[in-house]
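Dear colleague,

Please find below the structure that I am handing over to you. My notes on what was found in it follow directly after.

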Amino acid sequence: MKAIKLLTATAIAASLLSVENATAQQLMETGGKEMPDEWIDKDTHHKVVKIARTEGSNSSFYFHNNPFIGNKMVYYNSGRGGRQAYTVDLKTLQTDKITSQGGRINGEIAGAKTGNIYYQTGDSVYATNTKTKQTKLLFVFPADFKASITTVNADETLLGGAWATDEEKEISKKYPEKHDYFNRIYESKLKRTLFVIDIKKGELTKVFSDTAWLNHVQFSPKEPSLLMFCHEGPWHKVDRIWTINVNTKEVKLIHKRTMDMEIAGHEWFQPDGKIIWYDLQMPRSENFFVGGTNVKTGEEQKYRLTRDEWSIHFTISHDQQLFAGDGGNDTQVAKAKDGMWIYLFTPEGDHFKSTRLVNMKNHDYKLEPNVHFSPDNKWIIFRANFEGKQNVYAVEIAETK
């Protein structure tokens with residue numbers, strides 16, 4: 001498998017040495033100290049490369065938010081200029097600062113069609129083009145409907161998100177830790193509203209309201225009118241995964257739990273939009289799968305994995321042939337004894353065959369790695385803090401010989 005060229009001048013020089021010497025110089029434990037720009041994980045023999053080299057803290061996108069515009073990846077840097085958006089060319093590693101807003105920017109939305117990134121500062125929604133750097137104010141939320149955008153639809157005509165009441169926002173403010181606010185918000189049964197914003201017209205439309213905790217709002221990558229959302233809360237208490245057609249308002253449950261303590265969550269669309277995949281446990285903490293439901297037919301499938309292979313988040317390659325996971329430590333739901341790895345998964349019949357790519361034993365899993373396949377499916381990109389600060393890395397799927 002031919003790798004994309006994520007090579008620095010140092011790496012190019014090293015490649016001119018004998019293979020034996022080059023491997024000896026680069027083979028090392030991942031993390032626990034400051035790492036070079038690239039190295040070979042001694043436990044897996046896969047090459048790892050720093051792909052965000054801007055000074056400060058660098059952050060890649062959440063696992064279901066597409067960060068790619070062509071061969072460039074959007075990421076955030078929290079350096080001297082505050083939290084701003086950058087792109088990195090995955091072939092040359094050249095970085096480019098995209099935004100220079102006065103305040104902190106929020107929102108992980110990259111438009112592959114237009115080359116725009118969509119984001120928010122306070123109540124104002126903007127688009128900045130990654131090529132021209134031109135910025136346009138798209139919308140300002142009114143005083144009685146302060147909300148956040150989280151997704152853009154397939155033809156980049158609509159932005160979407162969920163609105164929460166002031167009472168819910170007060171709970172989050174008073175109890176900032178997830179273990180403190182999570183059940184409180186779920187049990188409060190406060191109203192939430194899904195909305196869309198017409199990008200061209202700058203108009204907001206309320207789509208659907210419920211006293212369920214509507215969250216994880218994602219547009220289909222192919223169907224411009226199809227919006228996925230979840231009923232947030234303790235997963236064993238909710239039928240979590242839903243879709244709504246924003247035009248017809250038809251609401252559909254994607255997966256119905258079939259046993260006590262079954263859970264399904266951390267859902268995402270595969271690239272062609274035909275299947276929604278999710279972490280499936282039947283029951284919770286005992287039997288582990290990655291499950292998928294066909295959006296149109298409702299047909300379900302699942303791949304079994306082991307306790308140690310369970311991951312906080314899973315994803316699928318752009319050609320839809322491989323899966324990846326970001327692992328987890330023994331405090332997570334799987335209680336894995338040896339689960340701190342970046343994984344590659346190959347479907348084989350009804351189960352996954354796993355390959356360990358990066359040893360994450362020096363990573364603090366309070367920061368979720370959130371894996372993404374590179375556009376050419378040859379690298380898996382993730383974020384980590386195993387050097388003592390947050391940065392973005394790529395591991396080559398092909399093993400170094």
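In these notes, Ala, Val, Leu, Ile, Met, Phe, Trp, Tyr, Cys and Pro count as nonpolar, Asp, Glu, Lys and Arg count as charged, and the others, Gly among them, count as polar. Please bear in mind that this is a predicted model.

I begin with the second largest pocket, which holds about 830 Å³ of space. Its lining consists of 36 residues, and the closest to the centre of the pocket are His-64, Asn-65, Asn-66, Pro-221 and Pro-271. By the grouping above, the lining divides into 18 nonpolar, 14 polar and four charged residues. Several strands each supply at least two residues of this lining, including strand S9 (106-110), strand S13 (147-152), strand S17 (213-219) and strand S21 (263-269). Strand S25 (314-316) and strand S29 (372-373) also each supply at least two.

The next item is a pair of helices. Helix H3 (residues 166-174) packs against helix H4 (residues 178-188) at an angle of about 165°, and their axes are 9 Å apart. Because angles over 145 degrees count as roughly antiparallel, H3 is roughly antiparallel to H4. The crossing of the two helices is right-handed. On the H3 side, Glu-168, Ile-171 and Ser-172 meet Tyr-181, Arg-184, Ile-185 and Ser-188 of H4. The residues of this contact comprise three nonpolar, two polar and two charged.

Two details of the backbone remain. Most residues other than glycine have a negative phi, and most peptide bonds are trans. Met-282 and Pro-283, however, are joined by a cis peptide bond with omega of about -5°, and Pro-283 lies in the loop between strand S22 (275-281) and strand S23 (288-294). Lys-133 has a positive phi, near 65°, and is placed in the loop between strand S11 (124-129) and strand S12 (135-140).

With kind regards

Notes:
Residues numbered from 1 in each chain as written. Predicted model: local features only at pLDDT ≥ 70, side-chain atom pairs only at ≥ 80, totals over all residues. Heavy atoms only, no water. 1 Å grid on protein atoms, 1.4 Å probe; cavity = no way out; pocket = protein on both sides within 12 Å on 5 of 7 lines; lining within 4 Å. Points joined across faces, edges and corners; volume = space filled by probe spheres on them. Helix = DSSP H or I, 4+ residues; strand = E, 2+ residues; numbered from the N terminus. Axes fitted to C-alpha atoms, helices over the stretch in contact; angles between N-to-C directions. Parallel < 35°, antiparallel > 145°, perpendicular 65-115°, else oblique. Left-handed = near helix turned anticlockwise from the far one by under 90°. Contact = heavy atoms within 4.5 Å.
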